[in-house]
Amino acid sequence: MKFYNNLVLSALCLALGVQSVDIVSMDIPQVAESGKDLVLDCKFEYRPEEEDQLDIKWYFNNSPTPIYQWLPAMDTGPQIIDPRFNQYMDLMYTVNGEKYEKHRALHLVNITHHLSGSYMCKVSSFLDEDFNQKNLMVYVPPAVVRFSHQSEESEGQTEISCTAEGIYPSPAARIYWKDGLGEREMDKTVVEEGSDGLYSILVSTSMHTESIRGVQLGCEISIPGTQFKINEELVISPEISADPRVSGAAATTAAQLLVQLSQLLLLLRLTNLIPLHL
């Protein structure tokens, strides 16, 4: 009888233009960092006669099958429909103590980049339904960043390279002059996606060695669509040279070899292993 009365009342309210179930707001951040916990909330309003009719579902990436469902009138609690979310959903989470609202939100724990995508909340009753949809991007900061240089003395060039690994989504990188002279145009940029969906990036450029003696360079790794940036810096030693003939290190090494050879000859003469007239 209660069901029949509610159905009649709902039909009457519809005919009179009274507002039925309605999603007021959907609170989902646009960007979140991997490894964090996250709440996706779907606030809605309903008429008292709709209480026992409410059906709350969440969908992921436009799939026709929900990932989560909660029927407040039943005492079974919320259910995970999509097994991909088993390790990420906390079914004990509640937004408040209200019987018909407490499990409306998704509580995702230790999120990963696999959870990036579109989330839709759908609330329905026997009379009406409403839905809303928003996108979430879960970014992964680089696990490793390397900024280094290597000189090709015979060619008078120094190769500057910057690499980063374990990033999501596809990153960007640049090498710049720390003293404000501007950004260096890259000779090579390589972005690769691994089997785990994470990206690596390599940027490199070749500079005249003489032009970067004592210069401080920077490498910036950023993730488009987020505020994430990380900077690494290095200073090119003033001792670096493009010509081994004028390299202080090379000259010192040659002098040391001559001294060591003279000492060896003297030692051999003293031990009569070679004649003095040699």
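S118 is in contact (heavy atoms within 4.5 Å) with Y59, F60, N61, Q133, K134 and N135, leaving aside its neighbours within four places in sequence. The model is predicted; local features need pLDDT of at least 70, side-chain atom pairs count only at pLDDT 80 or more, and totals for chains, interfaces and linings use all residues. Residues are numbered from 1 along each chain as its sequence is written, and side-chain values use heavy atoms, with hydrogens and water left out.

**Around S118**

- S118 lies in strand β8; strands (E, at least two residues) and helices (H or I, at least four) are DSSP runs, numbered from the N terminus.
- With a relative accessibility of 8%, S118 counts as buried; buried means under 20% relative accessible area, exposed over 50%, and partly exposed in between, with a 1.4 Å probe and protein chains only.
- The side chains of S118 and Q133 are joined by a polar contact of 2.8 Å. A polar contact is a pair of N or O atoms within 3.5 Å; within protein, one must be able to donate a hydrogen and the other to accept it, and residues adjacent in sequence count only if both atoms are side-chain atoms.

**The six-stranded sheet**

- Strand β8 belongs to an open sheet of six strands with mixed pairing, in the order β2-β9-β8-β4-β5-β6. Two strands pair if DSSP finds at least two bridges between them.
- The edges are β2 (31–33) and β6 (79–80); each has a single partner strand, so one side of each is left without a neighbour in the sheet.
- Strands β4 and β8 run antiparallel and are joined by six bridges. K57 has K122 in β8 as its bridge partner.
- Strands of a sheet pair through backbone hydrogen bonds, either parallel or antiparallel.

**Pairing of β11, β14 and β15**

- Strand β15 (residues 199–208) pairs with β11 (residues 157–167) in the antiparallel sense, over nine bridges. Within β15, V203 stands opposite C162.
- Strand β14 (residues 188–193) also runs antiparallel to β15, with six bridges between them. The bridge partner of E192 in β15 is S200.
- The hairpin of β14 and β15 has five residues between the strands, and G197 in this hairpin takes a positive phi near 85 degrees.

**Nonpolar cores**

- The largest nonpolar core has 29 residues, and W58, I67, L108, Y119 and V123 have the most contacts inside it. Such a core is a set of buried Ala, Val, Leu, Ile, Met, Phe, Trp, Tyr and Cys residues joined through side-chain atoms within 4.5 Å.
- Two or more residues of this core come from each of β1 (22–27), β3 (38–45), β4 (55–60), β5 (68–70), β7 (106–108), β8 (117–124) and β9 (129–139). Strand β3 gives the most, with four residues.
- Another core, of 20 residues, lies apart from it and includes Y139, A164, I175 and I223.
- In soluble globular proteins, nonpolar side chains tend to be buried together.

**Aromatic pairs**

- The whole structure holds six aromatic pairs. Rings of Phe, Tyr and Trp (its six-membered ring) pair if their centres lie within 6.5 Å; planes under 30 degrees apart count as stacked, over 60 as edge-to-face and the rest as tilted.
- The pair of Y139 and F228 is tilted, because the ring centres are 5.9 Å apart and the planes stand at 40 degrees.
- This pair links distant parts of the chain, 89 residues apart: Y139 is in strand β9, and F228 is in the loop between β16 (216–222) and β17 (229–235). Y139 and F228 are both buried.
- One aromatic cluster is formed by F44, Y46 and Y100.

**Salt bridges**

- Nine salt bridges are found in a search of the whole structure. A salt bridge is a side-chain nitrogen of Lys or Arg within 4 Å of a carboxyl oxygen of Asp or Glu.
- R84 and D82 form one, with their closest N and O atoms 2.7 Å apart. R84 is exposed at a relative accessible area of 52%, whereas D82 counts as buried at 13%.
- E101 and R104 meet in a salt bridge of 3.3 Å, N to O, and both residues are buried. D41, E101 and R104 are linked in a network of salt bridges.
- The side chains of E129 and K122 meet at 3.4 Å, N to O, in a salt bridge. E129 is partly exposed, with a relative accessible area of 39%, and K122 is partly exposed at 21%.
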